[in-house]
2 protein chains.
Amino acid sequence: MSVKVLTIKEDILGVNEEKARINQELMDKHHVLMINVMSSPGAGKTSLIMQTINEFKAKNRITVIEGDIASTLDADKVSEQAVPVIQINTAGGCHLDANMIKEALDNIALEQTDLVLVENVGNLVCTAEFVLGEHKKVMLLSVPEGDDKPYKYPLMFTEADVVLVNKIDVLPYFDFDVSALSKAVSGLNPSASIFPVSAKTGEGLEQWFSWLEDAIKQTKNRTA
Amino acid sequence: MSVKVLTIKEDILGVNEEKARINQELMDKHHVLMINVMSSPGAGKTSLIMQTINEFKAKNRITVIEGDIASTLDADKVSEQAVPVIQINTAGGCHLDANMIKEALDNIALEQTDLVLVENVGNLVCTAEFVLGEHKKVMLLSVPEGDDKPYKYPLMFTEADVVLVNKIDVLPYFDFDVSALSKAVSGLNPSASIFPVSAKTGEGLEQWFSWLEDAIKQTKNRTA
């Protein structure tokens with residue numbers, strides 16, 4: 001990549017970080033927790049969000065922001081859960097950014113919201129580079145993708161607060177070593193929480209739910 | 001995404017396309033076929049390339065260009081096949097570009113080469129936007145990713161000459177409809193060849209091998 005590209009990218013990132021800071025301040029004012037959910041395409045972000053809504057919607061007020069290059073497929077699925085959903089179509093863009101989230105937040109009644117779940121574009125590279133104003137970054141690595149991904153896509157694993165190893169229901173059919181993956185992630189990011197789960201069968205999700213419940217509580221108890 | 005970003009992107013794409021044209025002219029001069037292999041992370045690009053080398057190396061002279069953000073894991077694997085491998089590390093970049101390929105081509109004895117297989121960065125978005133000078137684009141969609149991906153990542157499916165539906169060995173464990181996928185791809189890109197394969201077991205690869213053999217022959221017979 002040429003120096004020109006990097007320079008341009010730094011400028012954009014600078015502006016983005018400032019806008020992300022403003023987004024976060026706005027949410028903090030209303031004691032809203034925002035989670036940025038990232039992964040490769042098809043790793044299970046939508047399924048995780050569906051399970052999470054199902055678990056939390058009785059006690060927490062949730063809004064979902066769906067980021068996609070095109071289509072409203074995921075938003076349509078999520079809206080079946082009877083929570084507000086805002087679809088952002090990036091028109092080719094490989095990640096969400098703070099400006100897009102700002103526009104989405106303008107359409108959310110934050111004073112009546114506890115949790116904003118953001119489903120980013122399916123991309124293990126670009127999404128990790130752009131903060132949105134989220135309080136926590138959650139990434140999914142699915143078993144079929146292979147346990148070597150932290151070495152090949154290090155930034156995402158370095159940035160994540162939580163790494164969900166998804167699709168453990170198909171572990172018998174793939175050559176995937178959960179302990180090798182955990183070791184690789186811990187090497188890059190010692191403070192990351194690593195939870196093996198199946199968003200399809202529900203296996204292991206209790207660890208994720210417990211983590212999220214704590215994070216919501218902390219947000220509510222924080223003095224803005 | 002702001003207008004500023006789009007303008008910048010167009011400038012870069014313009015320069016890239018000119019460099020890609022020069023790359024292709026250089027390969028045409030030497031009757032070399034270049035294939036750009038793209039997919040999400042972990043969809044099976046390296047396994048496909050390994051199987052392809054194994055099938056073709058006795059009769060064709062192959063060089064592999066490995067694109068990764070970090071690490072030489074795939075290049076190390078491919079080099080076990082005793083073909084020349086050039087590793088490009090993009091240092092964070094989400095796709096290969098024509099300039100990177102130019103540098104790699106400077107290190108290949110093109111007069112002694114029939115086929116250059118390029119393994120792009122694992123990314124279903126950015127890689128589709130940057131031509132490298134390749135003659136054909138091959139993409140893999142793996143079964144675990146789901147059959148809805150053409151709707152969500154349309155550019156890649158529109159650009160591909162060949163769509164390999166990989167990991168069909170695990171079809172029984174996933175909710176994936178091959179005919180629905182084929183219909184979605186054909187809707188976007190009626191001329192794309194669609195081959196269901198397993199790069200792991202070898203199932204279905206004969207169609208891909210036959211397609212590639214024809215493409216190599218056409219390149220050799222072409223008058224530069």
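## A salt bridge to start with

Which residue of chain B forms a salt bridge with D74(A)? The partner is K152(B), and the closest N and O atoms of this pair lie 2.7 Å apart. Please keep in mind as you look around that this is a predicted model.

The count of salt bridges between chain B and chain A comes to two.

## What chain B brings to the contact

Let us turn to the side of chain B that touches chain A. Three helices of chain B each give two or more residues to this side: α1 (3-29), α3 (73-79) and α5 (149-152). By residue class, this side of chain B divides into 21 nonpolar, eight polar and 11 charged residues.

## Extent of the interface

The size of an interface is often given as the accessible area lost when the parts come together. Here, chain B and chain A bury about 3,200 Å² between them. Carbon and sulfur atoms account for 64% of that area. As for residues, 40 from chain B and 40 from chain A take part in the contact.

## How the two copies are related

Chain B superposes on chain A through a rotation of 180°, with 0.0 Å of shift along the axis and an RMSD of 0.0 Å. The two copies are therefore related as by a two-fold rotation axis. Both copies use the same surface, since 100% of the contact residues of chain B recur in chain A.

Key. Residues numbered from 1 in each chain as written. Chains lettered and ligands numbered in written order. Predicted model: local features only at pLDDT ≥ 70, side-chain atom pairs only at ≥ 80, totals over all residues. Heavy atoms only, no water. Contact = heavy atoms within 4.5 Å. Buried area = accessible area lost by both parts, 1.4 Å probe. Salt bridge = Lys/Arg side-chain N within 4 Å of Asp/Glu carboxyl O. Helix = DSSP H or I, 4+ residues; strand = E, 2+ residues; numbered from the N terminus. Nonpolar A, V, L, I, M, F, W, Y, C, P; charged D, E, K, R; others polar. Least-squares fit on C-alpha atoms with pLDDT ≥ 70 in both.
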